[in-house]
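Me: Here is a structure I want to understand. Can you take my questions one at a time?

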Amino acid sequence: MRWLARLDAKIESEVAEEVCPGQCPRCAAASRPVGRGLQIWGHGLRDRQSRGPLTPLGDPVEVTLRVRRYVCRPCRAVIVVVPLGVLAGRLFAATAIGLALALFGVEGLPLAKVRQRVSPWQRVGATAHGSWLALRRWVRAIRDGRLFVSVRRSPGHCSARQVAERAAMTLAALAPPSLAHAVTLQRVFAGAALAR
Ligand SMILES: [Zn+2]
């Protein structure tokens, strides 16, 4: 067991080197200024939930990710490093949100069906039938420029489905060229993982 623990510690430190942010996003202090000690220090691990299917046609699941935290010594900001596709402040993966937007806006599925494909929580209260608050919130956040900032603002008169469609097509355009001939859902899924 001691051997295992040592091995883990080694892997941990290698991972930490690899993902350590180059500079602080708040005060822009460099992680390793020339001739000075480290400014951004490891600050432990934290569990983070991520919801949604792992592939465009997969069953929705909830997975727990280990994310790494750092602290900036000059300004004391805590910096969280997350894998691509994890959005700050959102429990659903970017890929799941992109998929929901495409199913709703491009394929025109009813909200309940979209929810079935994207949310691991299938039990819906009677009042929630026919609506899915999470998707409504994402559409509102896109309208306000708080989610997927690469998506152009929609004119105010656009319906929720139109906003979702425009967002999904923007995400599809971000997919790698190798997916140029893939179906839309696949391109949206891949593009969302890369989107900001
Ligand atoms: Zn800082």
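Me: Which residues does L109 touch, and what makes a contact?
Reply: L109 touches L103, F104, V114, R117 and R161, not counting residues up to four places away in sequence. Contact means heavy atoms within 4.5 Å. This is a predicted model: local features need pLDDT of at least 70, side-chain atom pairs count only at pLDDT 80 or more, and totals for chains, interfaces and linings use all residues. Residues are numbered from 1 along each chain as its sequence is written, and side-chain values use heavy atoms, without hydrogens and water.

Me: How far apart are L109 and R161 in sequence and in space?
Reply: They are 52 residues apart in sequence. In space, their C-alpha atoms are 9.9 Å apart.

Me: Where does L109 lie?
Reply: L109 is in the loop between α2 (94-105) and α3 (111-118). Helices are DSSP runs of H or I with at least four residues, strands are runs of E with at least two, and both are numbered from the N terminus.

Me: Why is L109 called partly exposed?
Reply: Its relative accessible area is 22%. Buried means under 20% and exposed over 50%, with a 1.4 Å probe and protein chains only. L109 falls in between, so it is partly exposed.

Me: What describes the packing of α2 and α6?
Reply: Helix α6 covers residues 184-194. The two helices pack at an angle of about 145°, with their axes 8 Å apart. Axes are lines fitted to C-alpha atoms, for helices over the stretch in contact, and angles run from 0 to 180 degrees between N-to-C directions.

Me: Which residues make that contact?
Reply: α2 gives A94, T95, G98, L99, A102 and L103. α6 gives L185, V188, F189, A192 and A193. They divide into 9 nonpolar, 2 polar and no charged. Gly counts as polar, so G98 does too.

Me: How do you know that β1 and β2 pair?
Reply: Two strands pair if DSSP finds at least two bridges between them. β1 (residues 40-53) and β2 (residues 60-72) have 12 bridges, in the antiparallel sense. One is between G52 and V61. G42 stands opposite Y70.

Me: What makes β1 and β3 the edge strands?
Reply: The open sheet has 3 strands in the order β1-β2-β3, with antiparallel pairing. β1 and β3 (78-81) each pair on one side only. The twist averages 30° from one strand to the next.
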